[in-house]
Amino acid sequence: MDPLTTLFDEAEGDPLPLPPELLSVYGGPLRMPRRRDRAHVFANFVATLDGIVAIDPPRGSGAEISGGHAQDRAVMGILRAAADAVIVGSGNLRAESAHVWTAETICPELAPEYGRFRAALGKPPAPLQVIVSGSGDVDLSRPVFAGAVPAMVVTSDAGAARLRARGARVPSVVPEGRPGWIPLAATLAAAGLGPGALVLVESGPTATTHYYAEGAVDELFLTRSPFLVGSAAPPAPPTLGLVQ
């Protein structure tokens, strides 16, 4: 697998212990700081040359933008392997219903290297999967809730009642006093993700834009795809840029 070319990097912190194979693919050291005041939060997107990150949201996926490119999948795997938790919006859960947000799922050909990376970091085999849904409209039959990886739902009071009525068997945490939209800081607190934690946000562009506005995202990993998509009037599928 050919290495990536880094276009811009001002990351701080000590280099993470990437195994040689992952270091080669990434094209250089991966640095992340350990914040003392809260978790370090990072997001990842692949964007076309004209800035489109989603086609036909929420049903589309990043693979439509990247073409399923191996290097893009490898980087996503590295970021998931580095994370203590992955934040996933309920829209992404519906769009990728069979997915589990682990490194091995997105790039199985590098699974042994991801395992060695997490072991070197002293982390368990898989990051915590944090599904955020204000309404609690979550399909608990999805593979992410099957027990192979740690998973939880962060929701509202009404959402928690909805899940209880459906016999939820996964932990469900309600941020106190925050009806409607759930800020990222409340989600992190509910999931017990405090200072020193590394948290990957894999929500869609709309939710991530809210997180940017809250000042909650510290770092963005952005891969450029050599495509042009543009925008079109209905009935063509809608498109979304990185920031809404």
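Modeller: Contact means heavy atoms within 4.5 Å. Axes are lines fitted to C-alpha atoms, for helices over the stretch in contact, and angles run from 0 to 180 degrees between N-to-C directions. Helices (H or I, at least four residues) and strands (E, at least two) are DSSP runs, numbered from the N terminus. The model is predicted, with local features needing pLDDT of at least 70 and side-chain atom pairs pLDDT 80 or more, while totals for chains, interfaces and linings use all residues. Residues are numbered from 1 along each chain as its sequence is written, and side-chain values use heavy atoms, without hydrogens and water.

Biologist: In which order do the strands of the open sheet stand?

Modeller: Two strands are taken to pair if DSSP finds at least two bridges between them. There are 7 strands in this open sheet, paired in the parallel sense, and their order is E6-E5-E4-E3-E7-E1-E8.

Biologist: Which strands stand at the edges?

Modeller: An edge strand here has a single partner strand, so one side is left without a neighbour in the sheet. The two strands in that position are E6 (172–173) and E8 (219–225).

Biologist: At what angle to E1 does H3 run where it packs on the sheet?

Modeller: H3 touches E1, E7 and E8.

Biologist: Which residue of E4 is the bridge partner of valine 88?

Modeller: Strand E4, residues 128–133, is joined to E3 by 5 bridges and runs parallel to it. Within that pairing, valine 88 has as its partner isoleucine 131.

Biologist: Is valine 132 buried or exposed?

Modeller: Valine 132 is found in E4. Beyond four places in sequence, it touches Ile87, Val88, Gly89, Ser90, Val154, Ile182 and Thr187. With a relative accessible area of 11%, valine 132 is buried.

Biologist: What is the relative accessible area of serine 90?

Modeller: Serine 90 has its place in helix H4, residues 90–95. Leaving aside neighbours within four places, it is in contact with Val132 and Ser133. Serine 90 counts as buried, and its relative accessible area is 15%.

Biologist: Which residue of E5 is the bridge partner of valine 130?

Modeller: In E5, residues Ala151, Val153 and Thr155 point one way and Met152 and Val154 the other way, and all are buried. E4 and E5 form a parallel pair over 5 bridges. The partner of valine 130 in E5 is methionine 152.

Biologist: What is the relative accessible area of phenylalanine 145?

Modeller: Phenylalanine 145 is found in the loop between E4 and E5. Its contacts beyond four places in sequence include Leu93, Ile131, Ala151, Val153 and Val170. Phenylalanine 145 is buried, with a relative accessible area of 11%.

Biologist: At roughly what angle do the axes of H3 and H6 cross?

Modeller: The axes of H3 (residues 70–82) and H6 (residues 111–121) come within 9 Å. H3 and H6 are therefore roughly parallel to each other, the term for angles under 35 degrees, with over 145 roughly antiparallel, 65 to 115 roughly perpendicular and the rest oblique. The crossing angle is roughly 25°.

Biologist: What is the handedness of that crossing?

Modeller: A crossing is left-handed if the near helix is turned anticlockwise from the far one by less than a right angle, and right-handed if clockwise. The crossing of H3 and H6 is right-handed.

Technical notes
Buried means under 20% relative accessible area, exposed over 50%, partly exposed in between (1.4 Å probe, protein chains only).
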